[in-house]
Amino acid sequence: MLGAARDACRTDQVKARVENAVIRFHHHGRMLVEAQVNTTVKVPVHGWDLAPGLMLGEETPGYREAMRCLFRGPEEVRYGRRHEWRFRDPEVTAQRGWITVEYEAVTWVEREGPSRVGPWVISKGEEEWRIELRPPKALVNVRWDRVEVKLGDLDAHRVVPPAASAGDGSLVWTGQWPLGMRVSFEPPWQDSFAARASRQASSSQVRIATWWVAASLLIVVAAVRYRWPPERASSGRWLWWRVHRGGEGGPSRSLTWAALVWAGLSAAVALILLEVIPGPPTADVQPRYTIISIAAGLVMIVLAFPWSPVPTPDAHGSEAAGPADLRTSRRRHARAVLTAASVVASVGLLVALAPRLFGLPNLVPQTSQSSLALAGLALMGTAVMWLWLAAMVAWAWRFAQEGGLVRRLAPAWAKSPVLCVVVVTVVLLLMAGAMLTCFWWARVRQWERQTWLSGATPNLRTIDQGEFLAAFWATGIRWVYSYAWVLAGVAFLAFLRTRVRAERPAGKLPPELEPLKQDFLLVTLLFAFVVGLRQVPLAGSAALYGVWLPLTILSLYALRVVTGPWSVLARMPEGFSPTRPGSEQCREQLLEKAHLYRRVHHQLMLMDRGHEGSAEREKLEDQLRDVHEWLRCEPADGRLPDRVSVLDVALSWGPRDHWWDNARHAARLAFWFGVPATLALTWLDYLRDSRTRLVTQHHPIGLVEIAANLAVWQLAWAAAGFFLGALWRVLPGSRGPVRAVAVTVGYAAPIGVAALFVNVADTNAGYALLHVLLMLSVLTLTSIWMDMATFSGERKFWPTRLGLLLSIYQLRGISTQIAYLLTQAGVAASIWIQLAASDSDPPF
């Protein structure tokens, strides 16, 4: 076989010359070390039978055979080169009887063991890296004019043979034979530290398990503490009493138990992914892995009890059903859900337990696969994916329905469960099919990239297709489960909504200054889960996953403690009730006084500019003194502090009476203001240049990750706006943009702590700064619109929103805000452009 390969390349005829062979290492500002290879080979037009093929088209057999002989070896036929990336095809030119081929390739050193790139082999060890020049047989006995290794500031400690020259981090050999050439050097200590931390604390699967154990503990703490009545929060009682009995204003017992079940189940499933299904299934464990995955999906669906909540009354306000009707309705809902899940699970088990029905002797891919066999493997993978997607949807629905978050959909579920289950089943099948299609498309491109010059046979490609379909679901469920943290956010929001719903017996919430201790815990956890964890990859090491949650929570609690005394309502004198503006009578007086305050200030400004027809200054000043008196509806007497105006009080109270309504309003605003930021970040992460797009298109989860990234960033902006609105009245500042700065500081504090590690790890801190600036911009726009919403009743007096905004902030204030926003946008745009123009790590 090897002799045939040597004969095929006509190695005895090759009279080529390697003009230049360079390998460069880049590691500054990166999480992964990049090795870039440039090789220039000159081949005489005459003398080598395969040389004319280099001048043919890139898809022709003659071209590929000649290129394979120059840049590949016979041992690479099976899978080609998995870790070598080519961002442009070899450049071939002919001149003066010589054919010149310039070959460029890139690899990222991310795994231990050898990796081939160009004529080089890079061996990554824990304490030492080694570069060896191993050219294909066609280039072993030719002249190598120049060989160069550019290590930069990496220190080489073993060089064989001695280099002809060295300096500026480069080793150069000239006119020497390449056999036996190798360089050993110490890796960047940052990479060694990250690799050691990864092995010890957070491999890809251990990271998932660690993350979900921490998430489960926080869910338990939130559920137990939230069921505890505020007046008994400090007394010592047993956990069972807290969960089983609860207190007034807390969530339903059913929701609490659902959260506790999910907390234990999520950690158990993470353990299954780590221990029971540790990697892509092999031949001896494929049926077992499949059965375990199907069973886990079914268990998650059943334990979610999506039919458990009481059916919602219809829009006409019909009375709730009795116990007998409830049992009948739940049985009907349960039958619909379990029937759909059982049918899909049976299809997956049929392929796993009886593969011969689909032309498979077993689940191991064969050298010749029939279309029926491939279809059977695809059917099995789609069934497993459907079950896990359905499990996530079932738990999200359970939390959302228990918390009253799906009031518009709940009546349809209560009346037509079969139709709802059919619709959801079809949608999830389409989603699973779309994932399979995206994975398949990426796998085809990956196969073509890897085996471009390897000469892989059709049988090998058939085996690869079978292996992909057999392992598709293993990759898919890991990806789906990596986003299951969203369920924790839904649970926290359901807890909050249940508490608020308990306070609204008459349809209107009583005025409340801020979230109570239990509520603030959940608001903080919602922010930490949905917003804070988007920044973990910026730290340069997955080791921070274990500390990022408590770091973010601590930052937000510190924000509340430090900034609370500086809020406008906290500076009111004794005897003033901070919740009094929430009453209807007081709110009308407050807005009227704020309107008068702005009008008098505007008249004074016109008078200062010399406009005729303005009121006398003394009269206007008397009106300001009257406005400064506190509200007539307030039982306390006195005046506002000198540095607090009635306009400050109105803007600090916000557009709604209850903090929950303020939070919802701000979340909606932040969601829409975050759309441009989401698009910018997604483009930067996955589509910014040809290199990034190529890696994204070749990665199995590349396309689905783009869709998921769009969704989770939108959730992050909405959650950040929710936090801003919930704490609107206790944040410092008399205008909304100052409050946005306070929340951004709480958001950026963990990133600032990680910045020290970023600097030590020598990774790119531009992404962290860009995220902070975008967060500040989104929250600033949200806060400005919140200030406008506070005076929405005056909208009829102004032809445009800008006119209302000018009235609220006055001329100087609006000029400052516009300049402030333009400065944010300019700085963010400059950082974005700089990052978009730079080479960095691959997105996966």
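Tutor: Start with burial. Buried means under 20% relative accessible area, exposed means over 50%, and partly exposed lies in between, with a 1.4 Å probe and protein chains only. Now the ground rules. This is a predicted model, in which local features need pLDDT of at least 70, side-chain atom pairs count only at pLDDT 80 or more, and totals for chains, interfaces and linings use all residues. Residues are numbered from 1 along each chain as its sequence is written, and side-chain values use heavy atoms, with hydrogens and water left out.

Student: Is arginine 81 buried or exposed?

Tutor: Arginine 81 has 4% relative accessibility, so arginine 81 counts as buried. Helices (H or I, at least four residues) and strands (E, at least two) are DSSP runs, numbered from the N terminus. Arginine 81 sits in the loop between helix H2 (61-71) and strand E3 (91-95).

Student: What does the side chain of arginine 81 make a polar contact with?

Tutor: First the rule. A polar contact is a pair of N or O atoms within 3.5 Å; within protein, one must be able to donate a hydrogen and the other to accept it, and residues adjacent in sequence count only if both atoms are side-chain atoms. Here the partner is the side chain of glutamate 84, at 2.7 Å.

Student: Why does proline 550 count as partly exposed?

Tutor: Its relative accessibility is 47%, so proline 550 counts as partly exposed. Proline 550 belongs to helix H15 (residues 545-563).

Student: Which residues does glutamate 514 touch?

Tutor: Contact means heavy atoms within 4.5 Å. Leaving out residues up to four places away in sequence, glutamate 514 touches Arg560, Trp659, Ala726 and Val730. Valine 730 is 216 residues away along the chain, yet the two C-alpha atoms are separated by 7.0 Å. Glutamate 514 itself is in the loop between helix H13 (485-502) and helix H14 (517-530).

Student: How do I read a nonpolar core?

Tutor: It is a set of buried Ala, Val, Leu, Ile, Met, Phe, Trp, Tyr and Cys residues joined through side-chain atoms within 4.5 Å. The largest here has 172 residues, and Trp262, Trp388 and Phe399 have the most contacts inside it. Helix H9 (residues 371-402) gives the largest share of this core, 20 residues. Apart from it lies another core of 48 residues, including Ile23 and Val183.

Student: What is the strand order in the open sheet of five strands?

Tutor: Two strands pair if DSSP finds at least two bridges between them. The order is E5-E6-E7-E13-E10, with antiparallel pairing. Strand E5 (113-117) and strand E10 (156-160) are the edges, each pairing on one side only.
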